[in-house]
Amino acid sequence: MIDSEVTRRVVGDFLRYVRSGREPQRAAEFMAPTVRAHQMQSEDLATVERTPDGYASTSGR
């Protein structure tokens, strides 16, 4: 069973530390080794694979 409080804490910490750019090196604590991200590119839906290292290098920009 999913614990909603744990989920809130994990997502909150990811946003607070990694996504904000404060501590992007912590991305591996919150992400799987490879994550598929669905993004719009020139009005077309694209799926890209991201890694914690790649995410950390572009986080907060």
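Guide: What follows sets values against definitions.

Guide: This is a predicted model, where local features need pLDDT of at least 70, side-chain atom pairs count only at pLDDT 80 or more, and totals for chains, interfaces and linings use all residues. Residues are numbered from 1 along each chain as its sequence is written, and side-chain values use heavy atoms, with hydrogens and water left out.

Visitor: Why is the contact of Glu 5 with Arg 8 called a salt bridge?

Guide: The term requires a side-chain nitrogen of Lys or Arg within 4 Å of a carboxyl oxygen of Asp or Glu. The closest N and O atoms of Glu 5 and Arg 8 are 3.0 Å apart, so the pair meets the definition. The rule gives five salt bridges.

Visitor: Where do Glu 5 and Arg 8 lie?

Guide: Both are in helix H1 (residues 4-19), three residues apart, about one turn of the helix. Helices (H or I, at least four residues) and strands (E, at least two) are DSSP runs, numbered from the N terminus.

Visitor: What makes Glu 5 exposed?

Guide: Exposed means over 50% relative accessible area, buried under 20%, partly exposed in between (1.4 Å probe, protein chains only). Glu 5 has 52%, so it is exposed. Arg 8 has 53%, so it is exposed too.

Visitor: Why is Glu 23 called partly exposed?

Guide: Its relative accessibility is 24%, so it falls in the in-between class. Glu 23 also forms a salt bridge with Arg 26, at 3.5 Å. Glu 23, Arg 26 and Glu 29 are linked in a network of salt bridges.

Visitor: What links Glu 49 and Arg 36?

Guide: A salt bridge between their side chains, 3.5 Å from N to O. Glu 49 lies in strand E2 (residues 44-50) and Arg 36 in strand E1 (residues 35-41), so the pair ties together parts 13 residues apart in sequence. Both Glu 49 and Arg 36 are exposed.
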